[in-house]
Amino acid sequence: MSIAFNDAKYCWMDGKIIETKDAVDSAMSEIYLGIFEGIKAYVGGNVVGSGPLNIFRWKSHMARLRRSATVCGLKIDYTEDQLLQATRESIKLNNFNTNVYIQPRVWPKAGTGRYLAKEFHILIPVWNFKTLLGKDNARFSEKRRFMVSSWRRISSDALPAQAKCWANYANSGLAAREANRLGYDGAIFLDNRGFVSEGTGACIMAVRNGKVVTPPVTASILESVTRDAFMKFIPEDLGFPLEVRDIARVELYASDEVFLCGTGGEVTPITSVDDIPIGDKYPGPITTRIAEYYAEILAGNVEKHRDWLTPI
Ligand code: PMP
């Protein structure tokens, strides 16, 4: 079964660089037990390093990859440093010098044990992406109509919601398909208690009376690397108070601003939820400020957070 899916000519699999078209696996693999990471490397401004691209929070993503592996009973036979070298090598071989998305994947090797596999594949595909961030980026301000999904976010007593396993994304896929079918741009999950959880591939933050609020990890959210960074810099550097607490669905309707945050979605402003317009101004001023500052951090222009960047 070919698992090539992007136009990068090269990727790294099981210890060596190969052509992406040769990244093949048995169709009998129990891929539903697999895990992955979503990581981004941005073109840097001022960071002193060997190249123009810097990976955002490599160590945090590697730590989560290990946690997800532990939860799902998988083993990673490579050190963090070996995986970094592998990532660097495939980005360089592909001649990528604009923003790159990196998606390490680990899954059981077919025939090495049902549910309790003993050997595992590891693949690092990379591909280019277009950012929503940056001054005068028209995509940032596009209108986005979201709905609260009729699918609840998977509950942590059924699947490990806080880890990044593929199985969780069946839940996201159903919610995204529903939203698309009904003409919305995206979906927001409630958790099994009926409180706001997150988006289908990003965490959620709302602004109420100048304060940023975001649901806790116990609301069945993925333990997001971006959310963690935002929780630090929003109050400390930007001066907006931030509270981690349960959010009721109606609070979204009453918010001044709502946005998603995550590696993929970066900062994604939301125009309306269930067709109720959010706030008076879109995109909201606090969302915009956060997005601008995040872009500065990613470009290496914020001295204080340079240690979040790893040069390629
Ligand atoms: N929730 C879900 C379901 C996600 O897929 C993602 C993207 N990885 C996030 C939240 C945001 O996590 P991170 O900031 O680590 O990308």
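The ligand is surrounded by 14 residues, of which the closest are Y169, E198, S224, T226 and T263, a residue being counted as near when one of its heavy atoms lies within 4 Å. The structure is a predicted model, in which local features need pLDDT of at least 70 and side-chain atom pairs count only at pLDDT 80 or more, while totals for chains, interfaces and linings use all residues. Residues are numbered from 1 along each chain as its sequence is written, and side-chain values use heavy atoms, with hydrogens and water left out.

Within this shell, five residues are nonpolar, six polar and three charged (Ala, Val, Leu, Ile, Met, Phe, Trp, Tyr, Cys and Pro count as nonpolar, Asp, Glu, Lys and Arg as charged, and the others, Gly among them, as polar). A ligand nitrogen atom lies 2.7 Å from a side-chain N or O atom of K164, and a nitrogen atom of the ligand is likewise 2.7 Å from an N or O atom in the side chain of E198. For T263, a side-chain N or O atom is 2.5 Å from an oxygen atom of the ligand. Of the 390 Å² of accessible area that the ligand has on its own, the protein covers 97% (Shrake-Rupley method, 1.4 Å probe).

Helix α4 (residues 225-236) packs with helix α6 (residues 285-298) at an angle of about 105°, their axes being 12 Å apart; axes are lines fitted to C-alpha atoms over the stretch in contact, and angles run from 0 to 180 degrees between N-to-C directions. The two helices, α4 and α6, are therefore roughly perpendicular, a term applied to angles of 65 to 115 degrees. On α4 the contact (heavy atoms within 4.5 Å) involves T226, F230, F233 and I234, and on α6 I290, Y293, Y294 and I297.

In the loop between β19 (276-277) and α6 lies P283, and the peptide bond from Y282 to P283 is cis, with omega near -15°.

Methods
Polar contact = N/O pair within 3.5 Å; in protein donor to acceptor, adjacent residues only side chain to side chain. Helix = DSSP H or I, 4+ residues; strand = E, 2+ residues; numbered from the N terminus. Parallel < 35°, antiparallel > 145°, perpendicular 65-115°, else oblique.
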